[in-house]
Amino acid sequence: MTLVELLVVIAVIGILVSLLLPAVQNVRESARRLGCSNNLKQLGLASLAHHEIHGHFPSGGWGHAWVGLPERGFGLSQPGGWIYDVLPFIEAEALHKLGQGLVDPDRRLASAERLRTPISIMNCPTRRHPAAWPTVDVMPHLKNPRETATVHAVARSDYAINTGDTRVVAFEGPIDLTDGDRADYAWADMSLTTGVSHLRSLVPIAAVRDGASQTYLVGEKYINPASYTNGEDAGDNESMYNGFCVDMHRYATIEHPPLHDRMGYSDPLRFGSAHANGCNFVFCDGSVQSISYSVDPEVHRANGNRKDRLGE
């Protein structure tokens, strides 16, 4: 073989590799998208199982400064959020009960251990792997949630539950358990929410008047790619076991349709995804759909509102 022939062979191989590489990447992304859809399917089934046992979709808990406490059940007395509530229904009951029966400081240490524990189905394979990511010092509760030892790293979710088409104010919650158990405690007003989970919510499927197949349950949340692992995104800086907050709850407003993750841009209100063509959602009937980033904003809003009776 002459030198010229060798160079031709090398050039041909290079061309073939360059043609093959995008196809391989597309196959890998297809597998990752399927994995993400399966994660949402499991979360949808877990939420429906929660409803079957407790009569309502998983609640948002007491506010973003609070985390789950195993001795306080699944209703209005539970400070933890919806992800904490579905743990028994995704084969993580031991994690849900972690710390039960202990007294301080062991109880708080057990709670901190839970906050550091990732779960594989809570992360989209396209975006990031399950891990405990560092906390930041922007707000005191990020490192020191109520009733928990100090945490320097926490597990985070790529999925958020649907809070509706109307944004409500952030709420830290009561200063302690005694305060929250008071009959006259001034909870934030959630009367305008139209989704399936919010602060101390007890939303039954009967309240989904638009139909379970036309109402979002859980979807992928938007995150700035620059902050996937550093905890600096305002919508991704808390443990996934915290109570009501944009970290675990997102809105389907006309102004905030689903968005492909965009480097350098943060928006803690909207749903979004690392996938190129659309954002995955599980609906209240357990079905999973990919919603295009070019979806009509009004259709997206209607999917987020459980009771606007679109089309009637």
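**Reading the chain**

Q: What share of the 312 residues in the chain do buried residues make up?
A: Buried residues make up 54% of the 312 residues in the chain. Buried means under 20% relative accessible area, exposed means over 50%, and partly exposed lies in between (1.4 Å probe, protein chains only). This is a predicted model, in which local features need pLDDT of at least 70 and side-chain atom pairs count only at pLDDT 80 or more, while totals for chains, interfaces and linings use all residues. Residues are numbered from 1 along each chain as its sequence is written, and side-chain values use heavy atoms, with hydrogens and water left out.

Q: How many helices and strands does the chain have?
A: Helices (H or I, at least four residues) and strands (E, at least two) are DSSP runs, numbered from the N terminus. Here the chain has seven helices and nine strands. The radius of gyration is 21 Å, close to the 20 Å of the globule rule for 312 residues, so the chain is as compact as a globular protein of that length. That radius is taken over C-alpha atoms, and the rule is 2.2 Å times the number of residues to the power 0.38. The C-alpha trace spans about 90 × 55 × 35 Å along its principal axes.

Q: In what order do the five strands of the open sheet stand?
A: Two strands pair if DSSP finds at least two bridges between them. The order here is 5-3-4-8-9, with mixed pairing. Strand 5 (249-250) and strand 9 (288-292) are at the edges and have a single partner strand each, so one side of each lacks a neighbour in the sheet. Inside the sheet, strand 3 (residues 159-162) and strand 4 (residues 216-220) run antiparallel and are joined by three bridges. Ile161 stands opposite Val218 in strand 4.

Q: How many residues lie between strand 8 and strand 9 in their hairpin?
A: There are four residues between them, and Gly286 in the turn has a positive phi of about 95°. The two strands pair in the antiparallel sense over five bridges. Phe281 has Gln289 in strand 9 as its bridge partner.

Q: Which strands does helix 7 lie across?
A: Helix 7 (residues 297-304) lies across strand 3, strand 4 and strand 8 (278-283), and runs at about 120° to strand 4. Axes are lines fitted to C-alpha atoms, for helices over the stretch in contact, and angles run from 0 to 180 degrees between N-to-C directions.

Q: Is Ser47 buried or exposed?
A: Ser47 is buried, with a relative accessible area of 0%. Its place is in helix 1 (residues 3-54). Contact means heavy atoms within 4.5 Å. Setting aside neighbours within four places in sequence, Ser47 is in contact with Phe57, Pro58, Val86 and Leu217.

Q: Which residues of helix 4 are buried, and what covers them?
A: In helix 4 (residues 106-115), the buried residues are Arg107, Ala110, Ser111, Ala112, Arg114 and Leu115. Their cover includes helix 2 (82-86), helix 3 (93-97) and strand 2 (153-155).

Q: How many disulfides does the structure hold?
A: A disulfide is a pair of cysteine sulfur atoms within 2.5 Å. The structure holds zero disulfides. For Cys36, the nearest cysteine sulfur is that of Cys124, 3.8 Å away. For Cys279, the nearest is that of Cys36, 7.9 Å away. Cys36 is buried at 0% relative accessibility, and Cys279 is buried with a relative accessible area of 0%.
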